[in-house]
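Dear colleague,

I am handing over to you the structure that follows. Please look through the sequence and the coordinates before reading the notes below them.

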Amino acid sequence: MRCVYCKKTFSRNITISELLGLKKIARRCQECQFLFQRIQQESSHQCEGCQKVWTKQAIDQPDYCRDCLHWRTRYPDYRFCHRAFFRYDHAFRTWLKQYKFMGDILLAHTFSLELQELRKQYKSFVFCPIPLSTERISERGFNQVSELLRAAGLPFQELLIREKHHTPQSKKTREQRLITSQPFVYQLSTLKIKGENILLIDDVYTTGQTMFHAATCLLAQSPNKVQTFSLAR
């Protein structure tokens with residue numbers, strides 16, 4: 001078997017579930033498995049809203065990070081809850097550069113095994129990837145989030161359209177991200193989501209502005225619940 005990330009050949013025992021196609025086969029070698037750090041393995045304090053990790057200095061310190069306190073003020077009626085698998089560290093940034101910016105679409109299979117966990121964690125949810133603008137799709141050739149879900153065999157609905165073409169978030173400062181104007185609109189021709197549970201999915205969560213813009217569009221359609229998820233945080 002060849003590792004989807006480092007391309008080295010490795011061997012491992014295939015489980016019955018994998019053999020029968022009931023479970024995705026792990027496509028990373030053991031060395032690459034340990035490159036990416038799962039957030040739940042952290043021992044320090046995590047934000048209740050977005051899982052940002054920091055060291056809590058006092059018992060009476062809020063359980064929400066600075067960004068989430070900001071969002072709670074701006075969206076007092078939205079019970080947001082963001083979760084992620086990995087820390088957005090050097091290893092993840094290196095992988096993301098090769099996949100997203102260098103266009104190595106085969107790397108969409110890198111985290112298929114982890115993404116399969118979403119089936120159990122969000123059983124009653126409709127999965128919705130964050131969309132790209134037409135210009136970005138033309139430039140990149142694919143939506144990195146949709147391809148991740150497709151590679152993992154997860155069904156999804158493209159409920160939103162990105163009408164505005166902004167500078168990539170990775171090239172903006174924190175302050176610039178927080179004042180980005182609403183780029184999304186809801187696709188009226190898609191699945192009616194009134195009363196549904198929706199999971200918005202992106203590759204990386206930084207300040208949260210993209211997710212809150214997207215959630216705002218969906219909340220106007222009266223869903224039961226909108227939560228958010230990203231590979232890294």
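This is a predicted model: local features need pLDDT of at least 70, side-chain atom pairs count only at pLDDT 80 or more; totals for chains, interfaces and linings use all residues.

Four strands make up an open sheet, arranged in the order 3-8-7-4 with parallel pairing. The edges are taken by strand 3 and strand 4 (125–129); each has a single partner strand, so one side of each is left without a neighbour in the sheet. On average, and with direction ignored, neighbouring strands of this sheet are turned by 25 degrees against each other.

Strand 7 (residues 197–204) pairs with strand 4 in the parallel sense over five bridges. At this pairing, Asn 197 in strand 7 stands opposite Phe 125. Strand 7 also pairs with strand 8, again in the parallel sense, over seven bridges. Here Leu 199 has Gln 227 of strand 8 as its bridge partner. Between strand 7 and strand 8 the chain passes through helix 10, and this β-α-β crossover is right-handed. As for burial, strand 7 is mostly covered, with eight of its eight residues buried.

**Helices across the sheet**

Helix 4 lies across strand 3, strand 7 and strand 8 (225–232), and runs at about 95 degrees to strand 7. Helix 10 also lies across strand 3, strand 7 and strand 8, but its angle to strand 7 is about 160 degrees.

**Aromatic rings**

The structure contains 21 aromatic pairs. In one of them, the ring centres of Phe 80 and Phe 212 are 5.1 Å apart and the planes stand at 70 degrees; planes over 60 degrees apart count as edge-to-face, so this pair is edge-to-face. Phe 80 belongs to the loop between helix 3 (66–74) and strand 3 (82–86), while Phe 212 belongs to helix 10 (residues 209–219); the pair thus links distant parts of the chain, 132 residues apart. Both Phe 80 and Phe 212 are buried.

A further pair is formed by Phe 86 and Phe 111, with ring centres 5.0 Å apart and planes at 45 degrees, so the pair is tilted. Phe 86 is located in strand 3 and Phe 111 in the loop between helix 4 (90–101) and helix 5 (112–115), so this pair ties together parts that are 25 residues apart in sequence. Phe 86 counts as buried because its relative accessibility is 2%, and Phe 111 counts as buried because its relative accessibility is 0%.

Phe 86 and Phe 111 also belong to an aromatic cluster, whose members include Tyr 5, Phe 36, Tyr 88, Trp 95 and Phe 229.

**Charges over rings**

Which residue lies over the face of Phe 86? It is Arg 38, at 5.8 Å from the ring centre. In another part of the list of findings, the charged end of Arg 72 sits over the ring of Tyr 64, at 4.2 Å from the ring centre.

With kind regards

Key: Residues are numbered from 1 along each chain as its sequence is written. Side-chain values use heavy atoms; hydrogens and water are left out. Rings of Phe, Tyr and Trp (its six-membered ring) pair if their centres lie within 6.5 Å; planes under 30 degrees apart count as stacked, over 60 as edge-to-face and the rest as tilted. Helices (H or I, at least four residues) and strands (E, at least two) are DSSP runs, numbered from the N terminus. Buried means under 20% relative accessible area, exposed over 50%, partly exposed in between (1.4 Å probe, protein chains only). A charge sits over a ring if NZ of Lys or CZ of Arg is within 6 Å of the ring centre and within 35 degrees of the ring normal. Two strands pair if DSSP finds at least two bridges between them. Axes are lines fitted to C-alpha atoms, for helices over the stretch in contact, and angles run from 0 to 180 degrees between N-to-C directions. Contact means heavy atoms within 4.5 Å. A crossover is right-handed if, with the strands pointing away from the viewer, the path from the first strand over the helix to the second runs clockwise.
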